[in-house]
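Hi,

Here is the model I promised to pass on.

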Amino acid sequence: MRFYDTYHKNLAESSGDYYKNNKQAQVDYSWDDTTQLRIVEEQSAIGSTIYNKISVHADYYVDYSSTSMKNKDDFIRMSFRDFEHETDLGRYYKYDDSYWIVTNTSNHTSVISDCIVRRCNNFLKWFDKDTGKIISMPCVLDYNISATNPKVDKDINVLNSSLTVIVQGNEHTRSLPYNKRFIFNGVPYRFVAYNNYMQNSYIDDRATILYMDVDFDALKPVDDRDNNIADIKEFVYNVNIHENPIEQINGFKGKVTATVTLNGEAVAKDIQWSAINATINDKGEYTIDGEIGDTAILTATFGEFSQSVAILIVESLSVKSEIVISPLTKELNQSESVTLTAKVYRNGIAQADIVRCTPSGAQGCYTLVDNGNEFIITNIRMSKEPLLLTFNSGDLTTSINIKLKALF
Amino acid sequence: MSYNTLKQLPYLPYNILSYLAQDPKADDLWKLLKYNTEDALSQPNLTLSEKLDLICKNNADQNKYSIFLTRLIENDQLSERSVLKVYKVNTDPIDLYKSIVAIEFDILTGAKTVVVDYDGVPCSRLDVIESIIVNCLNNVAIGGVGYLQFNDDLTNLCRSSYGIGNNTSYIGTSLILAVMISNLDDTKC
């Protein structure tokens, strides 16, 4: 029996495998011979922006006779051809101009590989103030609205309601702070709770699908209702390129610098540089490589914010000079200081010319220290009148206004 | 003298906080608001910038701030910490020309952050903050006609009352000081 035992142990299929392999062969054979065949795009991994096409069989999941509340087309049972194919709770699919999110899987209990997906009917959008980017995540707003009684008080009433939001649990959504606000079709809500404790396993401790409770919240002046982004106007970012070269010749090498300001104050942020009809590196060093008559465009970008300068490519140059001030500070709080650097640029190249600064306005509310083309301005008292700084070098002149604000 | 227009009224809470931010005697106040542990007073002094970073204006994420210029904090609290609210609570016109303005300081802390080591003695954080505020601000010029005072003779609203909070996880003291305001820039008889 030795041969038989060896064969049985090492080569023969188990009953389960035999059944499964036969079933797989049957599915392979008839896979295309059905009205349920669909081509969908599957997210390659939780949190990924890459989607891959895959064919599935789509079947209904919710019987509309069970409840008239649920739309049958919002739920699909998706079966995969390969029985070994696995998917995750919370993984996104794209199909029929919608995103779909996996709400149920059957990796352990079914021979075939399938899952239940639900159509995402909205987007969770918010502004990330650290990266300057708007993050948009497909989500499901559940059918039920609860707690419709207004928040009643003797002084004022405010509307009240609660929703459940179903969204993928990834690095962006799992780090959302409580009280974060979102706007859905012009109506704001505040995040009050979620189930980030529902781990996939004791090895994979991520919660890849989140059920978030959000409460109705009043609209605020810092909300962008048109684009459904709450609180975005609290963070006003601007990107300012200091230099302003107007024209140059092909082959010219120069450098541009930029400052990112948040609510008028310079902040340290990484700037991405890009160029058309020129090449530029991450330090802002560029080379014009377009044809005469073209326009080279240099763009500094931080998150959703950018600024560009356009340089006309000419055969020969006329001399263009300007005074460039950096950083372009517009406001200074009481007791704060800023060091302004003033340089003369000739056709985009910094010169060693001396620049003088003459202040006017805001008498007695500031101090100014001249360190030779570097000027340290300190706000010692707030002023209703702005501080006007006029910079001169030879025939060149430029000026900036700085608002001297309160302590906070 | 022109009739009272309450011109100085809006500036009072700002003047108070500016004064506290720049008075070295109030350094412990800021430490008690920033550090919620028992050894808060052993921590380093805050810089002016760190102090001002504790003051909330119309910011969305109110949980990052400890000082508010209003009685109402909209966001649900996520942790036990210390909070100070400074706001005008009452304006009492004495006559056509002068009013007494009462400023309320709501001092709140978590039920399990209330004890602090004060010169080696375990004390209530609420009491220590109250004593610092009165020590720094009693009889100090903050923009009114007279001085900010903790004085029943100025108004009987001046007092400290224990018992604000939410009866579950936060407890606090309400402290009221007052100042007289009037218009002094009109020199006509």
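A definition to start with: helices (H or I, at least four residues) and strands (E, at least two) are DSSP runs, numbered from the N terminus. This is a predicted model, so local features need pLDDT of at least 70 and side-chain atom pairs count only at pLDDT 80 or more, while totals for chains, interfaces and linings use all residues. Residues are numbered from 1 along each chain as its sequence is written, chains are lettered from A and ligands numbered from 1 in the order in which they are written, and side-chain values use heavy atoms, with hydrogens and water left out.

**Chain A overall**

Chain A has two helices and 31 strands. Its radius of gyration (taken over C-alpha atoms) is 31 Å, well over the 22 Å that the globule rule gives for 408 residues, so chain A is more spread out than a compact globule. That rule is 2.2 Å times the number of residues to the power 0.38. Along the principal axes, the C-alpha atoms of chain A fill a box of roughly 100 × 70 × 45 Å.

Of the 408 residues in chain A, 40% count as buried. Here buried means under 20% relative accessible area, exposed over 50%, and partly exposed in between (1.4 Å probe, protein chains only). Chain A exposes about 22,600 Å², with carbon and sulfur atoms supplying 48% of it; areas come from the Shrake-Rupley method with a 1.4 Å probe, and for residues only the protein chains shown count as cover. As for contacts (heavy atoms within 4.5 Å), take those in chain A between residues at least 6 apart in sequence: 55% of them join residues at least 24 apart.

**Cores**

A nonpolar core is a set of buried Ala, Val, Leu, Ile, Met, Phe, Trp, Tyr and Cys residues joined through side-chain atoms within 4.5 Å. The largest one has 44 residues, and the members touching the most others are Ile16(B), Leu20(B), Trp30(B), Phe105(B), Ile133(B) and Leu137(B). Two or more residues each come from α1 (12–22), α2 (27–34), β2 (83–93), β3 (98–110), α4 (125–137) and β7 (170–182) of chain B. The largest share, eight residues, belongs to α4(B). Leaving out residues up to four places away in sequence, Phe105(B) has contacts that include Ile16(B), Leu84(B), Val86(B), Ile133(B), Leu137(B) and Leu177(B). There is also a second, separate core of 27 residues, with Trp126(A), Phe191(A), Val214(A) and Phe216(A) among them.

**Salt bridges**

- Arg81(A) pairs with Asp28(A), the closest N and O atoms being 3.1 Å apart. Arg81(A) lies in the loop between β3 (75–80) and β4 (92–95) and Asp28(A) in helix α2 (residues 15–30), so the pair ties together parts of chain A that are 53 residues apart in sequence. Arg81(A) is partly exposed at 33%, and Asp28(A) is partly exposed at 32%.
- Asp217(A) pairs with Arg181(A) at 2.5 Å between the closest N and O atoms. Asp217(A) sits in the loop between β12 (209–216) and β13 (237–241), and Arg181(A) in strand β10 (residues 181–184), 36 residues apart in sequence. Both Asp217(A) and Arg181(A) are buried.
- Lys320(A) meets Glu247(A) at 3.9 Å, N to O. This one links the loop between β22 (305–314) and β23 (321–326) with strand β14 (residues 247–249), 73 residues apart. Lys320(A) is partly exposed at 35%, whereas Glu247(A) is buried at 16%.

Arg181(A) and Asp217(A) also belong to a salt-bridge network with Lys220(A), Asp223(A), Asp231(A) and Glu74(B).

**A few individual spots**

Ala193(A) is in strand β11 (residues 187–194) and is partly exposed, at 31%. Beyond four places away in sequence, Ala193(A) touches Tyr178(A), Tyr211(A), Met212(A) and Asp213(A).

Asn281(A) is in the loop between β19 (278–280) and β20 (285–288) of chain A, partly exposed at 28%.

Cheers

How values were computed
Salt bridge = Lys/Arg side-chain N within 4 Å of Asp/Glu carboxyl O.
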